Amino acid sequence: MIKSTTSMRTFLSEMERSEKLYNHYLTSGHTYQYAVSLKECNLYLQDVINRDMDGFPLEIREAARKLLHHYDIWLRLWNEHNATRDFKPNDTFVFESLDRFPKRAAELLSEYYRTQSLDILFIGKKNDPNASYAAEYVRQIFPRTTVLFGGREEGFPEEILWWQGDYIFSYLSPWIIPESLLQRAAKGAINWHPGPPEYPGIGCTNFAVYNQECIFGITCHHMLSKVDTGNIIEVHRFKVLANDTVYSITQKCYACILKSFLSIIAKIATGDSLPQSTEKWARKPYTRKELNALCKITPDMTIEEAHRRIKATTYDHPWAYTEIQGVKFYLK
């Protein structure tokens, strides 16, 4: 395994620079000045790959050899053509080569450098199988991943506030992540919310059941200090069936979240741009105070209203209650 983050990130930036230089070379009429810059870039990439070769796993080593073979042929032909005369910066500089650029090998090598170099902070819900699975997966893809699990009753651990890296992934996190920590993620902080943009905040599934929604979903979005307000990356929706409950809808959300999570991880690993949804959050986030109020059954309510509230606030057990002279009585 390559241990130098500088080497990894320099390779990625030089590979990107190489592509840009090649495009400039094509659009400028194949001029010598861009051919020279491209040669310098390729020499540097060749040197980095040779230096890191022993640290590559076998499948990546094969891709590296293909890329080195291409560079060897390309540089030899470049030097031979350059020796034919004294080229000026704006002169045309073109030579023939039957060896095509091994695009797939370059993609594999770039993906390897990228996944090895990114520092990730994964924050998830304690004792949740979905969060545990996601954490283990992201750790396999990005070895430099710090995993943190917690419960809502626990305070946010201060020792992690000094983390600094590239991405924060919030997967069913029980905490509101401090703004100071969000700012320490250089490339972004991403959250997967178990509700569509119409239902930000806490208890979104409960309110959807109460409102008798026919469509629900999940939202992947960038994180800001205020909960469920950041720009939306993507939304996945599904039908709500007549017999669906808070529990069953939540399980559908978890399945959609995992699908979205794996898709976003793949895009980050391969260097693809993240989606940019045109959807916006539809309202202010629901609060725990509103959810607690939804659980309360009062004598003046109709039987229909009481049943709606009971269905909307039952997960593994009912949360609904009535209160008599300050004493709360919960359903069993």
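Two strands count as paired if DSSP finds at least two bridges between them. In this predicted model, strands E3 and E4 meet that criterion with six bridges, in the parallel sense. Strand E4 covers residues 185-193.

Strand E3 is mostly covered, with seven of its seven residues buried. Buried here means under 20% relative accessible area.

Strands E7, E8 and E9 form an open sheet of mixed pairing, in the order E7-E8-E9. Strand E7 (296-297) and E9 stand at the edges, each with a single partner strand, so one side of each lacks a neighbour in the sheet. Strand E8, residues 321-324, is joined to E9 by four bridges, and the two run antiparallel. Within this pair, Ile324 stands opposite Val327 in E9.

Val327 belongs to strand E9, which comprises residues 327-330. Its relative accessible area is 42%. Val327 is therefore partly exposed, since that class lies between the buried limit of 20% and the exposed limit of 50%. Together with Ile324 and Phe329, Val327 forms a nonpolar surface patch. The accessible area of the three residues together is about 280 Å².

At the level of the whole protein, the secondary structure comprises ten helices and nine strands. The C-alpha trace spans about 100 × 40 × 30 Å along its principal axes. The radius of gyration is 27 Å, whereas a compact globule of 332 residues would have a value near 20 Å. Buried residues make up 46% of the 332 residues. Among contacts with a separation of 6 or more, 65% link residues 24 or more positions apart. The accessible surface comes to about 18100 Å². Carbon and sulfur atoms account for 53% of that surface.

Terms used:
Residues are numbered from 1 along each chain as its sequence is written. This is a predicted model: local features need pLDDT of at least 70, side-chain atom pairs count only at pLDDT 80 or more; totals for chains, interfaces and linings use all residues. Side-chain values use heavy atoms; hydrogens and water are left out. Patches are made of residues with over 30% relative accessible area and no salt bridge: like charges are joined within 9 Å, nonpolar side chains (Val, Leu, Ile, Met, Phe, Trp, Tyr) within 5 Å. Accessible areas come from the Shrake-Rupley method with a 1.4 Å probe; for residues, only the protein chains shown count as cover. A salt bridge is a side-chain nitrogen of Lys or Arg within 4 Å of a carboxyl oxygen of Asp or Glu. Buried means under 20% relative accessible area, exposed over 50%, partly exposed in between (1.4 Å probe, protein chains only). The radius of gyration is taken over C-alpha atoms; the globule rule is 2.2 Å times the number of residues to the power 0.38. Contact means heavy atoms within 4.5 Å.
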